[in-house]
Amino acid sequence: MTAGFTHLEAEGVSVLVEHRPRGLPRVLHWGAALGPLAADDAAAIARGVSRQSPPGTLDAAWQVTLSPAEGDGWTGRPGLQLRRRGVLHHSRWAETDRAATDAELTVSARDAASTLLLTIRISIEAGGVVWVEHRLRHEGEGDAEPVEVEWLEATFPVPTTTDTLTTFDGRWTREKRPVTTAMPAGSTVRQSRRGRPGHDAPTMLIASERPPLWTTGRAWAAHAAWSSDVTYRVDRVTDAVTLIGAGELLRPGEVVLQPGDEYAAPRVAFSWTDAGLDALAARTHTWLRARAQHPSSPRPLVLNTWEAVYFDHDQERLLALAERAAEVGIERFVLDDGWFQGRRDDTTSLGDWVVDGDVWPDGLVPLADRVHGLGMQFGLWFEPEMVSLDSDVARAHPEWLLHDPGHLDHEPELSWRTQYVLDLANPDAYAHVLGQIDAVVREVGVDFIKWDHNRDLVESTHDGRPGGHVQMLAVYRLIAALKERHPALEIESCSSGGARTDLGILEVCDRVWASDSNDPVERQDIQRWTGLLLPPELVGAHVGPTTSHSSGRTTALSYRMATSLMGSAGFEWDILECDADEAAALRRFGALYKELRPVVHAGRTVHADLRDPAWRVTGFATDDASVVVVATVASLEDARAERLRLAWLDHERRYAVRVRTEIGAAEYGWIAPEWYTAGGVDLPGRVLAEAGLQLPTLWPVQAFVLHVTPLD
């Protein structure tokens with residue numbers, strides 16, 4: 001192929017690619033839109049960022065290719081690593097084909113030393129998210145040697161002015177904890193090896209100029225749209241451009257290409273911002289909302305029965321719970337774990353997706369019919385990827401377990417949470433699960449599935465090879481098949497809470513359960529950092545009991561409801577135990593949620609950069625209104641609190657700011673400004689954005705909701 005340049009530009013983002021006579025193309029610029037470029041301009045840019053003029057002979061990379069390799073003089077982590085005959089294979093790529101539009105480039109290249117074809121696609125999609133996908137095909141014939149793929153990762157360059165790296169960490173009930181450090185030297189990876197991203201998943205990698213803020217600053221981010229093992233990488237070498245990237249983590253021998261085989265690496269999303277983390281989130285939120293399958297109906301107010309009844313399924317009590325749910329405005333009633341054959345605790349029966357006749361002698365149809373008759377949707381809990389050894393299916397088909405069959409006698413080494421994994425890449429196991437779930441959904445009239453995944457994968461083996469890759473592809477196919485059979489069915493991704501929260505699972509699911517913690521203090525951070533990737537309508541956020549079962553913390557009902565308002569709201573609580581005042585508060589909250597969700601679930605997510613670490617301020621803004629949840633998670637540092645600046649408001653408009661008291665009043669100390677105690681104030685947007693409003697001195701773990709509407 002001839003040398004030249006491809007300039008992609010859309011959504012305020014440019015990607016400038018240089019094609020060379022030899023080797024793969026390289027990215028010269030990714031970030032702010034450059035505007036129209038003539039061929040001479042692109043060539044001048046290449047000269048402007050080049051290392052030196054010929055005949056210089058320094059053997060080191062400067063601008064690296066779309067798949068950097070040692071042969072390019074690159075001393076960081078290769079973008080692709082292959083083995084032939086057990087030995088490292090060094091590819092020599094020559095571009096053979098390219099096709100480009102204004103916002104998409106597809107390049108194919110062949111390896112001169114093998115029969116491998118590498119195809120790379122770069123596309124700027126809605127919101128300015130740059131998607132990069134790689135495919136590697138073995139085009140050999142007959143007895144051509146197989147090729148093992150050790151990894152195939154997408155990388156993009158970032159400026160060396162980036163000096164800060166942010167990823168995420170966490171644990172069960174405390175997911176999405178940001179970890180911000182100085183940019184590490186050399187080649188660094190963070191990996192998940194749990195068969196799911198995990199509660200401690202990196203989730204995304206953000207390279208920023210100085211520690212990131214919500215409203216200001218430049219940053220570049222990468223996210224792997226894959227729901228199993230992943231690698232996030234950054235390469236900060238001293239003699240070349242800095243790279244960030246991600247890809248699937250493959251075990252040795254997991255992907256071996258025979259002639260005719262192809263490996264499609266998971267897509268990786270790259271996002272850039274010059275206006276802080278809120279603008280970074282807005283790109284992905286815009287992309288998600290532009291999808292054809294994005295939920296378009298109002299997100300229903302949910303009651304999930306788990307923390308109400310646990311495994312104690314009593315038909316009359318659950319019918320009464322459904323009646324109370326309808327009274328307070330619930331729109332979706334979800335029956336959680338414990339409904340299926342023999343399931344009285346968490347040690348048995350996974351894989352036998354048949355209604356338990358001892359507990360439900362008339363089946364689940366009467367409950368579902370009553371729920372539907374009350375005007376609510378009916379949801380049901382499944383854990384389709386798992387199996388209990390104490391189950392009919394495991395006794396009949398022990399070969400269906402996704403584990404090394406040589407070690408099944410050593411259950412304590414393999415079991416996790418007293419359960420195992422079903423090998424869904426096995427066609428018979430797949431058909432069993434699909435058939436049983438399909439039958440229940442069809443017979444009962446299930447509108448919603450809570451799809452759980454409560455353990456890590458251990459020694460996963462399918463047909464003698466590591467099985468994580470084929471297992472994840474089978475899960476995607478299974479969910480897609482169920483939704484094809486039941487087009488109105490919605491499915492929530494739950495994985496012990498938020499252990500599988502990524503753009504890969506969102507291709508087939510309709511929301512995620514952000515955490516098994518309904519402690520609103522923990523949820524304030526879990527939800528705001530989950531919101532860096534996902535918009536609020538895709539994030540389940542429920543009001544739990546007065547005392548949280550996951551933390552033991554006791555919190556006010558007003559605080560729990562304010563926190564729930566920040567997502568796809570609901571309850572996970574035995575509301576039959578609520579007194580008259582609490583029941584009235586629940587009804588008011590239901591009405592408030594329904595009034596405000598058009599703003600929360602369609603607006604831009606915005607934050608205020610406050611100095612005091614005790615504050616949490618999360619807002620949602622459309623052109624017509626804003627909803628702002630103001631909360632504390634600890635005691636304030638100063639007696640005189642900061643001012644809250646609503647920086648996203650239009651300076652030229654005038655606004656009414658109102659405190660919505662339906663959920664109850666926040667408790668505060670000796671300082672409460674007049675605007676707050678009076679219930680609100682009317683001011684120009686410029687004043688609210690620049691001067692702001694004095695915050696009251698809230699007690700720890702208190703919250704209030706502001707509703708901001710234009711007056712003109």
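Two residues are in contact when heavy atoms of theirs lie within 4.5 Å of each other. By that criterion, and leaving aside residues up to four places away in sequence, Arg597 touches Pro298, Arg299, Pro300, Leu301, Glu331 and Ala602. The model in which these contacts are found is a predicted one. Arg597 belongs to helix 12. Its relative accessibility is 11%, and because buried means under 20%, Arg597 counts as buried.

The protein has 712 residues, for which a compact globule would have a radius of gyration near 27 Å; the value for the protein is 27 Å, so the two agree. Its C-alpha trace spans about 85 × 70 × 40 Å along the principal axes. Of the 712 residues, 60% are buried. The exposed surface comes to about 26,600 Å², and carbon and sulfur atoms supply 50% of that area. Taking the contacts between residues at least 6 apart in sequence, 70% join residues that are at least 24 apart. The secondary structure consists of 14 helices and 41 strands.

The strands can be taken next, in order along the chain. Strands of a sheet pair through backbone hydrogen bonds, in either the parallel or the antiparallel sense. An open sheet of four strands has the order 5-4-10-19, with antiparallel pairing. Its edges are strand 5 (87–89) and strand 19 (256–257), each of which pairs on one side only. Within this sheet, strand 4, residues 80–84, is joined to strand 5 by three bridges in the antiparallel sense. Across that pairing, Arg84 stands opposite Val87 of strand 5.

Strand 8, residues 116–125, has antiparallel partners in strand 7 and strand 9. Strand 7 covers residues 104–111 and is joined to strand 8 by seven bridges. Here Thr106 has Arg121 of strand 8 as its bridge partner. The two strands make a hairpin, with four residues between them. Strand 9, residues 129–138, is linked to strand 8 by ten bridges, and Leu118 stands opposite Leu136 of strand 9. Strand 8 and strand 9 also form a hairpin, this one with three residues between the strands; Gly127 lies in the turn and has a positive phi of about 85°. Strand 8 is mostly covered, with nine of its ten residues buried.

Strand 18, residues 242–248, is likewise mostly covered: seven of its seven residues are buried. Strand 11, residues 154–158, pairs with strand 18 in the antiparallel sense over five bridges, and in this pairing Thr155 stands opposite Gly245. Strand 17, residues 230–236, is also antiparallel to strand 18, with six bridges between them. Val234 stands opposite Ile244 of strand 18. Five residues separate strand 17 from strand 18 in the hairpin that they form.

In helix 10, residues 520–530, ten of the eleven residues are buried, so the helix is largely enclosed by the rest of the structure. The buried residues include Val521, Ile526 and Trp529, but also Glu522, Arg523 and Arg528. At the N-terminal end, helix 10 is capped by Asp519, which places a side-chain oxygen 2.9 Å from the backbone nitrogen of Val521.

Helix 11, residues 557–564, has eight of its eight residues buried, and is therefore largely enclosed by the rest of the structure. Among these buried residues are Leu557, Tyr559, Arg560 and Met561. What covers them includes helix 10 and helix 12 (580–600), together with strand 32 (539–543), strand 33 (568–571), strand 36 (626–632) and strand 41 (703–710).

Definitions and conventions:
Residues numbered from 1 in each chain as written. Predicted model: local features only at pLDDT ≥ 70, side-chain atom pairs only at ≥ 80, totals over all residues. Heavy atoms only, no water. Pairing = 2+ DSSP bridges. Buried < 20%, exposed > 50% of the residue type's maximum accessible area, 1.4 Å probe, protein only. Polar contact = N/O pair within 3.5 Å; in protein donor to acceptor, adjacent residues only side chain to side chain. Rg over C-alpha atoms; globule rule 2.2 N^0.38 Å. Areas by Shrake-Rupley, 256 points an atom, 1.4 Å probe, with all protein chains shown as cover.
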